[in-house]
Amino acid sequence: MAIPPSLCIEKLKQALDYAEVGQHPVEVHGALVGLICGGVKQENLAWLKPLVELMNDGQPLEPNLQQLISELYQDTVTRLVDFEFGFTLLLPEEEASLSDRVEALALWTQSFLTGIAIIQPQLEKATPDVREVIKDLADIAQVEFDVGDDEESEVAYVELQEFVRMSAILCYSEFGLDMPLNDTNEHSTFH
């Protein structure tokens, strides 16, 4: 059974606070997913350096925080590679106010775009579908609006969240490295 996002967010927040890293857990997950979907190399912790640059100005992470983020990385890659595991965004659950969830979604999306741009600096050369999705995500990342706690706003949020999730999967299908986790074989054969 999967750990609820609220517990993951709280555990990551505690580790970030302890390490005095001024990032929100949704920003860390967004950047991590952006790096993965951009095609960051997966072997030998190659993904860690750009993530640490983004979230801690290149300074090494406290060991417990690094371990927690490594576990989050492995879980995220597994979920992106295998649809049966169901990739999801690490966002607050329904118990949080809708305005807090919308703000978290915007933060996640901003961090995702930053992460993917680091690995894919020439996004304008992507397929038209991916370029359009990136443009739409940039609009979502800038979202600033008052939301009511009504059914219509809730439905709109859920649709927006699903769009962001599917956009990440689309980017992964274009840029992501299709390779088994922990693959250290540098002589893979393509057929």
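Biologist: Does D57 count as buried or exposed?
Modeller: At 67% relative accessibility, D57 is above the 50% cut-off. This is a predicted model, and in it D57 lies in the loop between α3 and α4. Because its relative accessibility is 67%, D57 counts as exposed.

Biologist: What is the phi of D57?
Modeller: D57 is not a glycine, yet its phi is positive. The value is about 50°.

Biologist: Which phi value does N44 take?
Modeller: N44 is found in the loop between α2 and α3, and with a relative accessible area of 67% N44 is exposed. N44 is a residue other than glycine, and its phi is positive. That phi is near 55°.

Biologist: How many helices are there in the chain?
Modeller: The elements run α-α-α-α-α-α-α from the N terminus on. The chain has zero strands, and its helices number seven.

Biologist: What percentage of the residues of the chain count as buried?
Modeller: The accessible surface of the chain comes to about 11000 Å², with 51% of it belonging to carbon and sulfur atoms. The chain has 191 residues, and the buried share of them is 41%.

Biologist: How many residues of α2 are buried?
Modeller: Helix α2 covers residues 25-38 and reaches 20 Å from its first C-alpha to its last, close to the expected 20 Å. Just after α2, G39 takes a positive phi of about 100°. Helix α2 is largely enclosed by the rest of the structure, because of its 14 residues the number buried is 14.

Biologist: Which residue caps the N-terminal end of α4?
Modeller: Helix α4, residues 63-81, has 19 residues and reaches 27 Å, close to the 27 Å expected. At its N-terminal end, a side-chain oxygen lies 3.2 Å from the backbone nitrogen of N64. The residue that supplies this oxygen is E62.

Biologist: Which residues does L65 touch, not counting residues up to four places away in sequence?
Modeller: L65 is among the buried residues of α4, which also include L68, I69 and L72. An α-helix has 3.6 residues a turn, so residues three or four places apart point the same way. Leaving out residues up to four places away in sequence, L65 touches L12, A15, L16, A19, V21 and M55.

Biologist: In the largest nonpolar core, which residues touch the most other members?
Modeller: In soluble globular proteins, nonpolar side chains tend to be buried together. The largest nonpolar core here has 54 residues, and those touching the most other members are L12, C37, M55, L65, I69, W108 and F112.

Biologist: Which helices each supply at least two residues of this core?
Modeller: The core in question is the largest nonpolar one, with 54 residues. The helices that each supply at least two of its residues are α1, α2, α3, α4, α5, α6 and α7.

Biologist: How many disulfides does a search of the whole structure find?
Modeller: A disulfide needs two cysteine sulfur atoms within 2.5 Å. The search covers the whole structure, and the number of disulfides found is zero.

Biologist: How far away from C37 is the nearest cysteine sulfur?
Modeller: C37 counts as buried because its relative accessibility is 0%. C37 is in no disulfide, and the nearest cysteine sulfur belongs to C171. The distance to that sulfur is 6.3 Å.

Biologist: How far apart in space are S99 and G148?
Modeller: S99 is in helix α5, and at 38% relative accessibility S99 counts as partly exposed. S99 and G148 are 49 residues apart in sequence. From C-alpha to C-alpha, the separation in space is 7.9 Å.

Biologist: What distance separates the C-alpha atoms of E94 and E154?
Modeller: E94 is in the loop between α4 and α5 and counts as exposed at 67% relative accessibility. E94 and E154 are 60 residues apart along the chain. Their C-alpha atoms are separated by 9.5 Å.

Methods:
Residues numbered from 1 in each chain as written. Predicted model: local features only at pLDDT ≥ 70, side-chain atom pairs only at ≥ 80, totals over all residues. Heavy atoms only, no water. Buried < 20%, exposed > 50% of the residue type's maximum accessible area, 1.4 Å probe, protein only. Helix = DSSP H or I, 4+ residues; strand = E, 2+ residues; numbered from the N terminus. Expected span 1.5 Å × (residues − 1). Polar contact = N/O pair within 3.5 Å; in protein donor to acceptor, adjacent residues only side chain to side chain. Core = buried A, V, L, I, M, F, W, Y, C linked by side-chain atoms within 4.5 Å. Contact = heavy atoms within 4.5 Å. Areas by Shrake-Rupley, 256 points an atom, 1.4 Å probe, with all protein chains shown as cover.
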